[in-house]
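Q: I have the sequence and the model open. Can we go through it piece by piece?
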Amino acid sequence: MPVEIGKHAGFCYGVRAAVDRAIAAAKASGGCWTLGSLIHNEQVLRRLEEAGVRRAETEDSLPPGATVVIRSHGVPPETLERLSARGFQVVDATCPNVARVHALVRAYSEQGGTVLIAGSAEHPEVAATAGWCKGPVYVVADEAQAAGISGVDSALLVAQTTLPHRIWDGIVRVLRGRVPRLEVRDTICAATAARQEEAEKLARRADVVLVVGGHESANTRALYDTCRSRCGRVYFLESAAGIPWGEIRASDYIVITAGASTPDWSLKEVATRMNDLEQNVPQETTEQPSVAEPAEAQPVVQEAAPAEQPAAEHAENSFMADVEATLVTIRPGQTITGTVVQITDDEVCVNIGYKSDGLVKKSELVTQDVKVGDEIDVEVVKVNDGEGNVVLSQRNIVNRRNWDALMAQYENNEYVTGVGKEAVKGGLIASVNGVRAFIPASQLSQRYVEKIEDFVGKEMKLKIIEVDKAKKRIVCSRKAVAQEEAAARKKEAWSKLAEGEVIPGIVRRLTDFGAFVDVGGVDGLVHVTDLSWGRVRHPSEVVSPNQEIMVKVLSLDPERERIQLGYKQTQPRPWDVAEEKYPAGSIVEGKVVRITTFGAFVELEPGLDGLVHISQCALTRIAKVEDAVQVGQIVRVKVLSVDPQAKRISLSIRAALEEEAFNYSDEIPGEGMAPAEEQETGDEYATPVDYSAYAAQEPEGE
């Protein structure tokens, strides 16, 4: 009587999360309420009630101020708003897959589009999804209802997450011929699709199928219908008490599956009962002849037996009893040390001290170079495979040890290493120390991942965020590792920062108001006013991305995580060294940056401007400054005087021109200034002009 259990049977992620959140809410608040049945399984509901999770069929029946858990099917947005407005503490346990459907239909309908929902109008998930639609919405249960859709030019088609794919495919086929612009989004839960597909395959080769789950569960009923289409003997039972023992034969191949609302313990109870039956049936068949001899045979044996036969038979029975007393007792899951006694092409025969040797398939061996006589540790998979053989595995031991090691890392909040194996709908399948792990697409990176396939074959540091101990599956996150490592780097970087320090940094990005600089793992802002001592219209005039610069920490705000940096503060103030860099009498170049009625301001360097009085702008008298110079023009000027305290520099274009002309005359004979007697005397240009009267009009230096 072989028994096989579906790998995808039992609680799905969304239902499990909803149950866990409800129990947690009950513990935190001393009891909570659900709006409607949290799950369609009466056994689970009874246990939830014992844990303090109670049901309310309507909002009005909720006690004031209660904690309300929204079930995995979700509710319309108006319900959430009403509950919050009435003062209830809302815990939203809507399945993530269902929540994504809600967001999808809401976004589409807000643009005025029509939404079509494939599913049952009576199902609470479909009712909730329809409530998120802001425009026309139609529910289509089957192909017949799909054929009744008319007058719709464009629409979005989504599915109830637990809808069987065979129904979905039929609805899509019909609607494609009736809606010209149909956008199809297959929103059926991947776990539901896998469960349905697996059940259909198993039912094809099964003699008996046991479907475990609540009769109110739509997905379990769909699972039952799928199995019935492939197998003639399918039984729908809520618990092990419903196993139809009278309908099951010893030669039957039995398959057990369960809906998404079936708890692990309920499925395990049925599986355990059937496994016990599987192990006991062959043993009972083998031992019955020696235990229950036909009643009519006893007199014949007594008459025909010699007088000494009872003694010999007793001795033989006593010897066999002594032999059997030396044999070990085994059970599935037990680890035993055995000796290899025979090796074939496909199997290894191991003596484990039992009445029959055990067989290990070579695919289940970890030690590939095993030899006859070697002692190896094996695990009992089956006590009897139907032919009297004990089925063993060595790989199970390694897998269990790997699992235990992973659980220790999970409990210690340690990271694990995984390798991407396969890109699937919604994420990536990875192998973590030999254990299958699922990484949701949203947990692969801190940014949106367009091609999940890029992670196949890639080694990753992961954090375990969810564990299914019954199925030995884990959900991991690469994003959580990146976030925690970034937080650790940020914390370390903050601990090293101190106001007033000058530290190196790298310019990361520029904005109109400043430059963001990476200072050891955290970004600080150099405001545009702190980039230069001069005027800066845009940070790109001073720095560029990826440029390494020295900055000064001006202020730290750990609570708001803000760092104010300064770049100009790492350089000397222009006025502090102006007297040394631009001594009186020197000739330098500058740019005309501003013109006034009394002169032109020339920028010698950022933050350092000097004034050329109108009387010093040209060799001859001018009516206005613009007759001699223009804004933006590069001019040569002579420094007449420098006053760092008052932040004033007096410059002269005229003096620079005269000096250059004088120097030129030294090189070319006959050239130069006119004879002294030809120069005008008393002219205002003959001596430097005192323009202190204009000081009030001259702006302060930067």
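Q: Is Lys-472 buried, partly exposed or exposed?
A: This is a predicted model, and in it Lys-472 is partly exposed, with a relative accessible area of 42%.

Q: Where is Lys-472 placed?
A: Lys-472 sits in the loop between β21 (459-468) and β22 (473-477). The residue has a positive phi of about 55° although it is not a glycine.

Q: And Glu-561, what is its phi?
A: Phi of Glu-561 is near 55°, again a positive value in a residue other than glycine. Glu-561 belongs to the loop between β26 (548-557) and β27 (562-566).

Q: Buried, partly exposed or exposed, that Glu-561?
A: Glu-561 is partly exposed, and its relative accessible area is 49%.

Q: Switching to cysteines. How many disulfides does the structure hold?
A: The structure holds zero disulfides.

Q: Cys-349 and Cys-617, then: buried or exposed?
A: Cys-349 is buried, with a relative accessible area of 13%. Cys-617 is buried as well, at 3%.

Q: Now the sheets. Which strands close into a barrel?
A: Five strands do, in the order β13-β14-β15-β17-β16, and their pairing is mixed. Neighbouring strands of this sheet are turned by 55° against each other on average, direction ignored.

Q: How many bridges join β14 to β15?
A: Four bridges join β14 (residues 347-351) to β15 (residues 358-361), and the two strands run antiparallel. Within that pair, Glu-347 stands opposite Lys-361 in β15.

Q: Which strands does helix α13 lie across?
A: Helix α13 (residues 395-411) lies across β13 (335-343), β16 (375-382) and β17 (390-393). The helix runs at about 90° to β16.

Q: What is the strand order in the open sheet?
A: The open sheet has four strands in the order β1-β12-β10-β11, with parallel pairing. β1 (3-5) and β11 (234-237) stand at the edges; each has a single partner strand, so one side of each is left without a neighbour in the sheet. The twist averages 20° from one strand to the next.

Q: What joins β10 to β11?
A: Four bridges join β10 (residues 208-212) to β11, and these strands run parallel. Val-209 stands opposite Val-234 in β11.

Q: Which strands do α8 and α9 lie across?
A: Helix α8 (residues 190-205) lies across β1, β10 and β12 (254-258), and runs at about 165° to β12. Helix α9 (residues 218-228) lies across β10, β11 and β12, at about 165° to β11.

Q: On to packing. How many residues has the largest nonpolar core?
A: The largest nonpolar core has 23 residues. Those with the most contacts inside it are Leu-604, Val-637, Ile-649 and Leu-651.

Q: Which elements give two or more residues to this core?
A: They are α15 (574-581), β28 (587-596), β29 (599-605), β30 (608-613), β31 (634-643) and β32 (648-652). The largest share, four residues, comes from β31.

Q: What is Leu-604 in contact with, leaving aside its neighbours within four places in sequence?
A: Leu-604 is in contact with Tyr-582, Val-588, Glu-589, Gly-590, Val-637, Ile-649 and Leu-651.

Q: Which residues are in the other core?
A: Another core, of 21 residues, lies apart from the largest one. Among its residues are Ala-56, Val-75, Leu-83 and Phe-88.

Notes
Residues numbered from 1 in each chain as written. Predicted model: local features only at pLDDT ≥ 70, side-chain atom pairs only at ≥ 80, totals over all residues. Heavy atoms only, no water. Core = buried A, V, L, I, M, F, W, Y, C linked by side-chain atoms within 4.5 Å. Buried < 20%, exposed > 50% of the residue type's maximum accessible area, 1.4 Å probe, protein only. Contact = heavy atoms within 4.5 Å. Disulfide = S-S within 2.5 Å. Pairing = 2+ DSSP bridges. Axes fitted to C-alpha atoms, helices over the stretch in contact; angles between N-to-C directions.
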